[in-house]
Amino acid sequence: MESKGKFAAESVFNKGFNCAQAVLTSHCEEFGLSDEIAKKLSCGFGGGVGHTGGICGAVNGAIMLIGLKYGKYKKDDDESKDKTYKLVNQFINEFKNEFGSVNCTELVKFNLSKEDELLKAREAGVFTTVCPKLVKRSVEIAEKIILP
């Protein structure tokens, strides 16, 4: 199966949605979550959670996909919770090994919580050069975890 990272996720990102929205919507319907709800749910995670520069939206989107596949939803199902945490750690380690960080500010080299740096990031083309790569790879790494 060809990864949805290049076509689905990058396409969503290029239409003006954020990294988290692009990654989560790449596979959300396969796990019973509509595209609309996925976009609304993940909207606040862009720019490292609301442009605070924290954990990259693409990483957050992948974590949500892992949760959709394996997450705990029954009271005593600690096995699912443990598995989810283990797989999230696996994802984060692989992402960090490739990009050096999961922190948005470190990945894009601008502090998006500051208006002047957000404008500089836009002028530098970060959202058309760096972010699409992060979106694509987040989906590809997540797919190794969530797909059979």
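**Exercise 1. Describe how helix α6 (residues 78–99) and helix α9 (residues 126–146) pack.**

Step 1. The two helices pack at an angle of about 140°, with their axes 10 Å apart. Axes are lines fitted to C-alpha atoms, for helices over the stretch in contact, and angles run from 0 to 180 degrees between N-to-C directions. Helices are DSSP runs (H or I, at least four residues), numbered from the N terminus.

Step 2. That angle makes α6 oblique to α9. The classes are: under 35 degrees roughly parallel, over 145 roughly antiparallel, 65 to 115 roughly perpendicular, the rest oblique.

Step 3. The crossing of α6 past α9 is right-handed; that is, the near helix is turned clockwise from the far one by less than a right angle.

The model is predicted: local features need pLDDT of at least 70, side-chain atom pairs count only at pLDDT 80 or more, and totals for chains, interfaces and linings use all residues. Residues are numbered from 1 along each chain as its sequence is written, and side-chain values use heavy atoms, with hydrogens and water left out.

**Exercise 2. Find which residues of α6 meet α9, and sort them by class.**

Step 1. On the α6 side, take Leu87, Gln90, Phe91, Glu94, Phe95, Glu98 and Phe99. Their partners in α9 include Lys133, Leu134, Arg137 and Ser138. Contact means heavy atoms within 4.5 Å.

Step 2. By class, this contact has eight nonpolar, two polar and five charged residues.

**Exercise 3. Locate the largest nonpolar core and follow Phe91 within the fold.**

Step 1. The core has 41 residues. Such a core is a set of buried Ala, Val, Leu, Ile, Met, Phe, Trp, Tyr and Cys residues joined through side-chain atoms within 4.5 Å. Buried means under 20% relative accessible area, exposed over 50%, partly exposed in between (1.4 Å probe, protein chains only).

Step 2. Ile66, Phe91, Phe95 and Val135 have the most contacts inside it.

Step 3. The largest share, nine residues, comes from α9.

Step 4. Leave aside neighbours within four places in sequence. Phe91 then touches Val59, Ala62, Ile66, Ser138, Ile141, Ala142 and Ile145.

Technical notes: Ala, Val, Leu, Ile, Met, Phe, Trp, Tyr, Cys and Pro count as nonpolar, Asp, Glu, Lys and Arg as charged, and the others, Gly among them, as polar.
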